[in-house]
Amino acid sequence: MLALTELGQRLRQERESKGLSLEDLQKLTKIQKRYLLGIEEGNYEVMPGKFYVRAFIKQYCEAIGLDTDAIFEEYKSDIPSTQTEDMPQQLSRVRSRKEIPQHTKGVSKAYDYLPTVLVVAGVVVVGIIIWVIAQNIVSDKNKEQANQEAPNSEVQQSNTQEETNETTAKNDNSKSEDEQNAADKKEKEKEKAAKEKAEKEKAEKEKKDSGKQEYKEVQKTGRSATYALSGTDAFNLEVTSTQADTWLDVKNGKGNAFFSSILKKGETKEFDLTKETEARVNIGYSPGVELKVNGKAVDLPFDSSKQVRQVVTIQYQPAEAQ
């Protein structure tokens with residue numbers, strides 16, 4: 001690889017500081033990557049000619065935001081000078097009269113008449129455009145006049161039909177809303193009646209069961225107590241914490257948990273344990289905790305001020321099995 005010239009180093013550092021790759025610079029300048037690399041390496045032999053060297057360096061500088069004149073002045077020893085003869089032939093459009101072949105003189109004369117031909121053609125085109133615009137204006141006026149002369153009865157009939165359609169649509173919407181409201185009201189009344197019926201049946205069942213159910217202590221030791229529930233076909237347990245949050249753990253005789261979490265102050269949890277033969281209730285903070293069995297309040301086995309944590313085991317035997 002060739003050693004970088006001072007100019008090449010300066011250009012590469014400026015390019016890299018702007019986060020541009022040679023591919024990015026190629027897209028910006030439309031200069032092939034190998035020429036850009038040649039500029040950075042000072043390898044001007046890859047260029048088509050000296051003229052291209054200066055032109056490409058100028059485009060490179062402009063692309064990365066450098067002052068071209070300042071760069072050319074500062075690094076003039078690194079940049080090859082160029083003369084008019086170095087300019088590629090295709091970039092020079094000036095040819096002497098001696099170089100113009102004799103057989104092209106007729107063509108030159110034809111070019112002398114070209115401006116006149118172009119002027120005439122332009123006048124013709126403008127005339128055609130004006131004619132087309134005039135025809136469109138006349139056509140629009142005729143249509144407007146025809147619309148104005150149309151019978152007013154057609155306009156009135158159209159307006160009447162639109163008003164009729166709007167009235168019909170409003171009536172249909174109003175009827176639809178009324179029907180929907182009536183249906184919603186009927187559904188709410190039905191749900192309310194079903195809820196009241198369920199609550200009534202539950203109250204009657206609890207009242208019936210409470211009259212004959214028996215809840216008695218079987219065993220008490222340490223912080224644990226066991227009770228027997230009988231004389232009822234239901235086993236519904238309610239636990240309420242009225243004073244503070246407490247840990248509550250409710251499991252059946254097989255150790256399957258129904259609830260094992262914090263019971264918030266003022267919160268009530270209900271459990272249907274009718275299909276179970278035993279339930280174990282572990283209360284972490286018993287002050288203010290209330291127990292109800294089938295809607296009937298039952299006392300905790302221990303004084304809450306003396307025994308904060310209490311475990312209550314309830315053994316259930318349905319009335320049908322007795």
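Trainee: Where does Trp131 lie, and why does Trp131 count as exposed?

Mentor: Trp131 lies in helix α7, residues 114–148; helices here are DSSP runs of H or I with at least four residues, and strands are E runs of at least two, numbered from the N terminus. Exposed means over 50% relative accessible area, buried under 20%, partly exposed in between, with a 1.4 Å probe and protein chains only. Trp131 has 55% relative accessibility, so it counts as exposed. Bear in mind that this is a predicted model, where local features need pLDDT of at least 70, side-chain atom pairs count only at pLDDT 80 or more, and totals for chains, interfaces and linings use all residues. Residues are numbered from 1 along each chain as its sequence is written, and side-chain values use heavy atoms, leaving out hydrogens and water.

Trainee: Why is Lys18 called partly exposed?

Mentor: Its relative accessible area is 41%, and partly exposed is the class between buried and exposed. Lys18 sits in the loop between α1 (6–17) and α2 (22–29).

Trainee: What makes the Lys18–Glu14 pair a polar contact?

Mentor: The two side chains come to 2.7 Å. A polar contact is a pair of N or O atoms within 3.5 Å; within protein, one must be able to donate a hydrogen and the other to accept it, and residues adjacent in sequence count only if both atoms are side-chain atoms. The Lys18 side chain also reaches the backbone oxygen of Ile64 at 3.1 Å.

Trainee: How do you know that β4 and β5 pair?

Mentor: Pairing needs at least two DSSP bridges, and these antiparallel strands have 6.
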